[in-house]
Amino acid sequence: MPSPSVSLLQGTLDLLILKVLALESRHGLGISRRIGQITAGTFEVKPGSLFPALHRMEEAGWLASSWGESENNRRAKYYQLTKAGRRQLDVEAAQWSRISVAMARALDAS
């Protein structure tokens, strides 16, 4: 039985988007679905959170976009990582690793 959805911590959404786009370009709904898959349903990203994040990340130069056709023959905006986005993925993944180790230590402390 999957865990109930939980709220994304600040900064986590960017890292998840970058990770999803590291392998291939995807449209917004595809990004949202893939985040749900790789987190076993723990994070369900709603359009009201996803699209502002995509726009902000595109403005930051981490993503590029182009129009294409979705799997159901509808026009969709596809996003892909830029070189700056790949660097940002490395930075954010390293930060998240440090945070998760620190939190595990804190939770194990007596």
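Predicted model: local features only at pLDDT ≥ 70, side-chain atom pairs only at ≥ 80, totals over all residues.
Start with helix α1, which is mostly covered: nine of its ten residues are buried. The buried residues are Thr 12, Leu 13, Asp 14, Leu 15, Leu 16, Ile 17, Leu 18, Val 20 and Leu 21. What covers them? The cover includes β1, α2, α3, β2 (63-69), β3 and α4.

Move on to α2, which spans residues 28-38. Its buried residues are Gly 28, Gly 30, Ile 31, Ser 32, Ile 35 and Gly 36. They pack against α1 (12-21), β1 (26-27), α3 (47-59) and β3 (75-81). After α2 comes Ala 40. Its phi is positive, near 50°.

Next, look at the side chains of Arg 75 and Trp 67. The charged end of Arg 75 sits over the ring of Trp 67. The distance to the ring centre is 4.2 Å. Aromatic rings are another matter: the count of aromatic pairs is zero.

Is Met 103 buried, partly exposed or exposed? Its relative accessibility is 46%, so Met 103 counts as partly exposed. Buried would require under 20%, and exposed over 50%. Met 103 also belongs to a nonpolar surface patch, together with Trp 96, Ile 99 and Leu 107. The patch has an area of about 430 Å².

Methods
Residues numbered from 1 in each chain as written. Heavy atoms only, no water. Patch = residues over 30% accessible without salt bridge, like charges linked within 9 Å, V, L, I, M, F, W, Y side chains within 5 Å. Areas by Shrake-Rupley, 256 points an atom, 1.4 Å probe, with all protein chains shown as cover. Salt bridge = Lys/Arg side-chain N within 4 Å of Asp/Glu carboxyl O. Buried < 20%, exposed > 50% of the residue type's maximum accessible area, 1.4 Å probe, protein only. Phe/Tyr/Trp six-rings, centres within 6.5 Å; stacked < 30°, edge-to-face > 60°. Lys NZ or Arg CZ within 6 Å of the ring centre and 35° of its normal. Helix = DSSP H or I, 4+ residues; strand = E, 2+ residues; numbered from the N terminus. Contact = heavy atoms within 4.5 Å.
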